Amino acid sequence: MPDDFRDPNQWWVGQVLYQVYPRSYMDSDGDGVGDLRGVIERLEHLEWLGVRAVWLSPITVSPNADFGYDVGDYYDIDPSLGTLADLDALVAAADQRGMGVIMDLVPNHTSIEHPWFEASRSSRDNPKRDWYVWADPAADGGPPNNWVSLFGGSAWTLDEPTGQYYLHNFLDMQPDLNWWNEAVRDQFDRILRYWFDAGVSGFRIDVAHMVIKDRELRDNPLATDTDSFMEQFRGQRQEFNSNRPEVHEIHRRWREVAESYDPPKVLIGETFVERLEDLFPFFGDGGDELHLDFNIPFAHAPFDAATLADMIGRTEVAMPALGTPVWTGSNHDISRFPTRWAGGDPARARCALMMLLTLRGTTVLYQGDEIGMVDTDVPREELLDPVGIRFHPHAGRDAVRTPMQWENTPGGGFTAAEATPWLRFGDLDCNVTDQRDDPDSFLTLTRDLIALRHSTPDLATGAWSALAGPEGVLAYRRGDTTRVYLNLGATEARVEDGAGTIAVGTNRARDDETVFGSLTLAPAEGVVLTTG
Ligand code: GLC
């Protein structure tokens, strides 16, 4: 594999990373909950796929009010998932297969049960009081300002014994840390180093854009009808509790810690902004902030050629010179792309996969993307996600967190046959084992596209530019040798191209077909064409 075109100091560029939701990946001890030993058992699958690193959603100690995103101890592993020794074993085993392990850092808030918060709420003059965001009631005794939690209701809860409100931008069980406090900043530098020293290759940083809030706690402006759906849903624009100018100095600080290692550790921001333009500042001036920042507006875009060409084009134009775009279609919070983008149509899902794996930058797949897993209906009485429970019948996140579908057997290859999985299975007819040796399967397409990315330097790192194509066709060039055509329209499309060979088509019968002058694509058909 011609891997020498890669820069070892930016080992993630052009690569595919893979998100594991540990509770749902592989259960090694038959208790129905996935664990770290389980991830070790499945490393062969990940190496076979060709992913460069595995990002694990939080594995640190958590009371699980928000399944790991409410941290009770940043320095230890949650007992339901394993031990520090298991993590060491995972890091070593992944390394042997040429893969890194990326953890998930939650710096915006802790669990309400974290000893820091217990100290903080114990009295107004506790040394840890200022580690969290506390404020006096408003004149009428109500919350200090109008901020609403992203999970619904006021973002403030009154702590009666001390007479002040604490801030929580998520659940009231997730109090926000105070990033104006230098001791908090120092503590997180320590946490980063602790895991980096343990051999972890980087961090995905939860709600990285939100960690610091307006120092004066000013009211957010009310939403208007030109604001996004979520802003209108919440009734306000998050001007003062999110995306504050001071967040950049915090990201620069983390970047320095990451870059003090050789090779550098990677930082991936969950930069959940509403507008695409708000994403680019997170890459920093001259590449001094987070290395990679999730492009959520792209993931939320409708799946049509014109919109996607516009989003990708604007991203490429605005991306700072040293920045690497990140492409993702699914994660543990949003509807899976075979459902959201493709409406359950496998042919459209194959086009979406081809797009994700042929754009410039770093692609992050979510577990199950490789087999085309769709969202699973979880009945109301089985819901576990606090967001799903609160906003029912609006879709919550359990639908995308059901166990990985390894095989169509009792236990699904995920857990013991007689065990009850913590969340129900989706459709086990869609599974890894049945797809692995099928040349036409979604899994084989995923693997072949990743392999093509590894063997085609232009696809890994070549420049992206838009190509003109007929209506409904998303068309772009990568470097000098590679073109991608995706017919997302409902009718057949005729594409004019010079000459080339179909390296991989979503219709595998067309692999290796030679193209002269023009090419006809069926609805929901895509090709990667190479010359030379
Ligand atoms: C991020 C996580 C999500 C979590 C929230 C609060 O958005 O991805 O799962 O609930 O932050 O930590």
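**Charged surface**

I began with the surface charges of this predicted model, where I found a negative patch formed by Asp427, Asp429, Asp434, Asp437, Asp438 and Asp440. I then placed one of its members, Asp437, in the loop between helix H13 (432-436) and helix H14 (442-455).

**Salt bridges**

I looked up the one between Asp66 and Arg397, whose closest N and O atoms are 3.0 Å apart. This pair links distant parts of the chain, with Asp66 in the loop between strand E3 (60-61) and strand E4 (73-77) and Arg397 in the loop between helix H12 (386-391) and H13, 331 residues apart. I noted that Asp66 and Arg397 are both buried.

I next took up Glu316 and Arg360, which form a salt bridge with their closest N and O atoms 3.1 Å apart. Here too I recorded a link between distant parts of the chain, since Glu316 lies in helix H9 (residues 305-318) and Arg360 in the loop between helix H11 (346-356) and strand E13 (362-366), 44 residues apart. Glu316 and Arg360 are both buried. I also followed shared partners, and found that salt bridges join Asp66, Asp333, Asp385, Arg397 and Arg401 into one network.

A further entry concerns Asp206 and Arg204, whose side chains meet in a salt bridge at 2.9 Å, N to O, and I found both Asp206 and Arg204 buried.

**The parallel sheet**

Turning to the strands, I traced an open sheet of eight in the order E11-E10-E9-E5-E2-E1-E13-E12, with parallel pairing. At its edges I found strand E11 (292-293) and strand E12 (326-328), each of which pairs on one side only. Within the sheet I checked strand E9 (residues 202-205) against strand E10 (residues 266-269), which pair in the parallel sense over four bridges, and I saw that Phe203 stands opposite Leu267 in E10.

In strand E1 (residues 16-20) I looked up Tyr18, which counts as buried because its relative accessibility is 0%. From Tyr18 I took the C-alpha distance to Ala119, which is 37 Å across a sequence separation of 101 residues.

**The antiparallel strands**

I then followed strand E15 (residues 473-478) and its two antiparallel partners, strand E14 (residues 464-466), paired over three bridges, and strand E16 (residues 482-487), paired over six bridges. Trp464 stands opposite Arg478 in E15, whereas the bridge partner of Val473 is Asn487 in E16. In the hairpin of E14 and E15, with six residues between the strands, I noted a positive phi near 90 degrees at Gly472; in the hairpin of E15 and E16, with three residues between the strands, Gly479 takes a positive phi near 60 degrees. Five of the six residues of E15 are buried, so I described this strand as largely enclosed by the rest of the structure.

**A contrast in sequence and space**

My last entry is on Met230, in helix H6 (residues 229-234). I recorded Met230 as partly exposed because its relative accessible area is 27%. Met230 and Leu150 are 80 residues apart in sequence, yet their C-alpha atoms are 9.3 Å apart in space.

Technical notes
Residues numbered from 1 in each chain as written. Predicted model: local features only at pLDDT ≥ 70, side-chain atom pairs only at ≥ 80, totals over all residues. Heavy atoms only, no water. Patch = residues over 30% accessible without salt bridge, like charges linked within 9 Å, V, L, I, M, F, W, Y side chains within 5 Å. Areas by Shrake-Rupley, 256 points an atom, 1.4 Å probe, with all protein chains shown as cover. Salt bridge = Lys/Arg side-chain N within 4 Å of Asp/Glu carboxyl O. Lys, Arg positive; Asp, Glu negative; His and termini not counted. Charge placed at Lys NZ, Arg CZ, Asp CG, Glu CD. Buried < 20%, exposed > 50% of the residue type's maximum accessible area, 1.4 Å probe, protein only. Pairing = 2+ DSSP bridges.
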